[in-house]
Each structure stands twice: as C-alpha cells, then as structure tokens.
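Hi,

Here is the structure I promised to pass on to you. Have a look at it first, and then read my notes below.

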Amino acid sequence: MGITGRAGVFWRWWTAFTTSAVGSAVGAVALPLTALTALDATPFEMGLIAAANYVAWIVIGLPAGVIVQRLPLRGTQVCADVARAVAVASVPLAWWWDQLTVAHLVVTALVISFANVLFDVANATFLPSIVDRDQLQSRNSLTSATHAATQLSGPSLGGLAVQALGAVPTLLVDAVSYLASAVLLRTLPARRADAPEHSPPMGELIRQGWRFVAYHPVMGPGMWAATAVNFVCGAQYALYPLYLVRDLHAPAGLVGVLIAVEGVGSLVGAALTPRITGRLGTARALIISCLVSVGGAFLVPLGTGWPAYAAFAAGNVVFASGVVVLSVTTRTYRQIASPPDLLARVMATVRFVSWGAIPVGGLVAGALAGVLGARTTLLVFAAAVVCAPLALLLSPVRKLRDLADHDRVAEPARLPQPVAGR
C-alpha cells in the first residue's frame with residue numbers, strides 16, 4: 001500500500017475512532033446520571049455500575065490477546081461496535097416501557113465492557129499495521145489528543161443534552177455513534193494480527209505474553225505504574241458524579257462541564273508529550289508525569305462552594321495531563337519494542353492488569369464512600385496514586401533517559417559473541 005493509501009486508511013480509522021469516542025463521552029455522563037436521577041442509585045450501586053464498565057478486563061483480558069490474534073481485526077472491531085450500540089439502545093427502550101432497573105444498567109455496562117476489551121486490543125494492534133514505525137509516536141499522540149478533545153466536548157454536550165432531553169434519551173446519541181463507527185470501520189482493509197504458523201494451546205500463548213511483559217525491565221514497571229493510576233481512575237469514575245451532585249449540589253449541566261474539564265488536561269498532555277519526551281527523555285518524562293498526577297489527585301476533593309468547583313476542575317486537568325503522558329509513552333514503547341507475533345498478547349496482558357484495576361477501584365470506592373463519604377474517599381485514593389511513581393523509581397527506569405536506551409544496551413548481549421583469534 002502506498003503512502004497516500006496508508007494515510008487515507010489511517011484517517012478513516014481516526015474518523016471512526018473519533019465518532020465513537022464523542023458518543024462514548026456523552027454516554028459516560030448520561031449513564032451515571034440515569035442511575036442517579038431515574039433510579040436514585042446508592043453509592044454502592046454507583047460503584048457497581050462503574051466497575052461493570054471495566055470488569056471484562058479481569059475476565060477476558062488475557063485471552064483477548066489470543067482471541068484477537070486469531071480473528072480478523074476489522075471484523076472484531078465492527079462486531080464490537082454493533083454489540084455496544086445494541087446494549088446502549090436497550091436502556092431507553094426499557095425506560096420507555098417502565099422496566100428500567102439498576103440491574104439493567106449493570107448488565108448494559110457489562111456488555112459494553114466485554115465489547116470494549118476486544119475492540120481496544122484489536123484497535124491497538126490494528127494501528128501499527130497501517131502506520132509506519134517512525135510515525136507511531138505522533139499518531140498515538142494524535143489519538144490521545146483526539147480522545148482528550150472528545151472528553152472535553154462530549155461530557156459538556158452530554159450534560160446539556162441531559163438537561164434538555166433527560167438522561168435516558170441522551171444515551172441514544174451514544175448508540176448512534178457506535179453504529180456510525182461500525183460503518184466507517186467496515187470500509188477499512190482487512191487485517192489480521194501476526195500469529196505463529198503452528199499455534200500452541202491458548203494457555204501457553206497467554207503465558208508467553210505474560211512472561212514477556214511481567215519480566216521485562218521497562219514494560220513491567222510501566223504496567224504497574226499504569227495499574228496504580230487506573231485503580232484511582234476507577235474510584236474517580238464511580239465517585240465524581242456522586243461527589244458533584246450530592247456533596248457539591250452541582251446541576252447536571254455543570255456536572256458535564258466539570259467532568260469534561262479532564263479533556264483539557266488530556267489534550268494538553270497529548271499535545272506536549274512529543275516535546276516533553278524529546279526534551280527530558282521518555283523515561284524521565286514518565287516519572288515526572290506520575291508525580292504531576294499525584295498532585296492533581298489531591299487537589300480534586302478540596303474546598304466548598306465555588307472554590308470546590310475550581311479545585312475539582314484544576315485537579316482534574318493536572319491529573320489527566322500526567323496520565324496521558326504516561327499512557328502515550330508506554331503504549332508507543334510497547335508497540336515498537338514488542339515482537340510482532342507477541343504484540344496483541346502484550347497489549348492484552350498490560351490492559352488485563354492495568355485496566356482490570358479500574359473495576360476494583362470502583363467497587364472499593366463505592367464501599368468506602370458509603371462509610372467515609374465521597375470527599376474523604378477521593379483523598380484516600382489520591383494517596384494511592386503515589387504508588388505509580390514509586391513503581392518506576394524502584395525499577396531500572398529511574399536510571400534511563402529514554403526507555404529505548406534499555407533495548408540498545410540489552411541487545412548486544414543477545415548477539416553471538418566473537419571467538420578469540422577469529
């Protein structure tokens with residue numbers, strides 16, 4: 001495929017990703033507000049819904065790499081989009097028939113969660129097949145910047161739509177976005193992840209991916225840092241709507257805006273990642289970005305009244321900017337440093353561990369908030385973010401300027417050594 005053709009494929013892929021992301025950002029506001037306003041959900045029920053959105057990473061996170069490796073990448077993404085559209089659309093239907101329950105929302109979140117796992121692993125594996133190696137960092141930064149922009153606009157639009165239409169009808173926007181994404185993805189060329197010619201049993205393939213990541217001196221610490229961050233993110237997803245609505249008494253429109261402010265931090269982080277990593281080095285940038293996120297997490301639950309809104313917004317921006325630098329840098333390194341036949345399994349292994357922490361964080365946060373309150377629980381989880389920079393500082397990453405420096409040092413040891421006198 002020529003350069004022009006590859007560029008066209010990327011931009012169609014990017015358009016599908018963006019369309020789906022906007023709808024998902026709208027749904028991220030509408031679904032918890034549906035639970036709060038239509039069903040008067042308790043803090044624990046909010047934690048269940050938040051956990052259900054990510055629990056599939058614990059259940060099928062590891063097998064997902066093998067599954068994706070054996071399926072057409074494009075077909076996997078299209079089927080996942082259709083499944084998510086049907087699940088989301090079922091909520092307004094149940095509401096109109098007066099059959100909507102918290103259990104229905106949990107099941108809907110579970111379906112979306114399982115579809116997300118396969119879609120995300122296929123998506124991350126598909127990108128290197130349509131983008132040249134030297135463009136991966138910039139394309140990953142663009143993808144993160146796009147996600148940030150949708151996080152900025154989507155929740156704001158979602159909050160306004162909820163005020164105008166109600167929380168439940170707004171979910172139809174999310175359903176339509178998934179269908180539009182599926183149509184666009186269907187126009188892309190079929191791709192399949194690299195797989196061994198004689199495939200071992202699934203268990204052995206999973207173990208190979210796990211061993212490669214867990215014992216890698218750079219990928220391993222990066223995975224544990226991301227796990228600590230995502231554990232806290234799970235708590236934030238569960239508690240932010242609860243904290244804003246019941247502690248700060250924010251109206252729906254303002255809830256959407258304050259949650260959307262995360263997109264500002266993500267956008268800034270994604271835009272500056274190439275510059276930051278180029279100046280400081282990718283390894284140093286990782287450590288600094290994690291320390292920045294710690295400060296942002298502690299800022300979020302401070303103050304009362306309008307100062308509390310300002311602290312929430314500022315903390316959200318700072319936390320998100322650090323997280324995006326971590327995400328873009330580690331994802332690009334995995335795509336470059338992983339053997340092609342292991343890439344899908346590497347992506348699945350990392351997301352199984354790191355994204356699997358999200359539902360755990362949501363459940364723990366929901367349980368703690370019922371006893372301690374949302375504000376105190378957010379402060380407890382802010383302290384947990386400290387584990388992210390510690391995971392890097394207690395590893396070989398602290399001695400590197402760039403993550404790739406490890407590969408340049410380690411590679412000669414794998415090569416045959418010259419024989420004396422030859």
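Predicted model: local features only at pLDDT ≥ 70, side-chain atom pairs only at ≥ 80, totals over all residues.

For the chain, the mean pLDDT is 80, with 86% of the residues at 70 or more.

Next, a pair of helices to find on your screen. Two packed helices are described by the angle between their axes and the distance between the axes. For helix H11 (residues 262-280) and helix H13 (residues 305-337), the angle is about 45° and the axes are 7 Å apart. H11 and H13 are therefore oblique to each other, and their crossing is right-handed. On the H11 side, the residues in contact include Gly265, Gly269, Ala270 and Thr273; on the H13 side, Val317, Ala320, Val324 and Val328 are among them. Sorted by class, this contact has eight nonpolar, eight polar and one charged residues.

Finally, the salt bridges: the structure holds four. One of them joins aspartate 40 and arginine 246, whose closest N and O atoms are 3.4 Å apart. Aspartate 40 sits in the loop between helix H1 (3-39) and helix H2 (43-52), and arginine 246 belongs to helix H9 (residues 219-247), so the pair ties together parts that are 206 residues apart in sequence.

Happy exploring!

Best wishes

Note on methods: Residues numbered from 1 in each chain as written. Heavy atoms only, no water. pLDDT = per-residue confidence, 0-100. Axes fitted to C-alpha atoms, helices over the stretch in contact; angles between N-to-C directions. Helix = DSSP H or I, 4+ residues; strand = E, 2+ residues; numbered from the N terminus. Parallel < 35°, antiparallel > 145°, perpendicular 65-115°, else oblique. Left-handed = near helix turned anticlockwise from the far one by under 90°. Contact = heavy atoms within 4.5 Å. Nonpolar A, V, L, I, M, F, W, Y, C, P; charged D, E, K, R; others polar. Salt bridge = Lys/Arg side-chain N within 4 Å of Asp/Glu carboxyl O.
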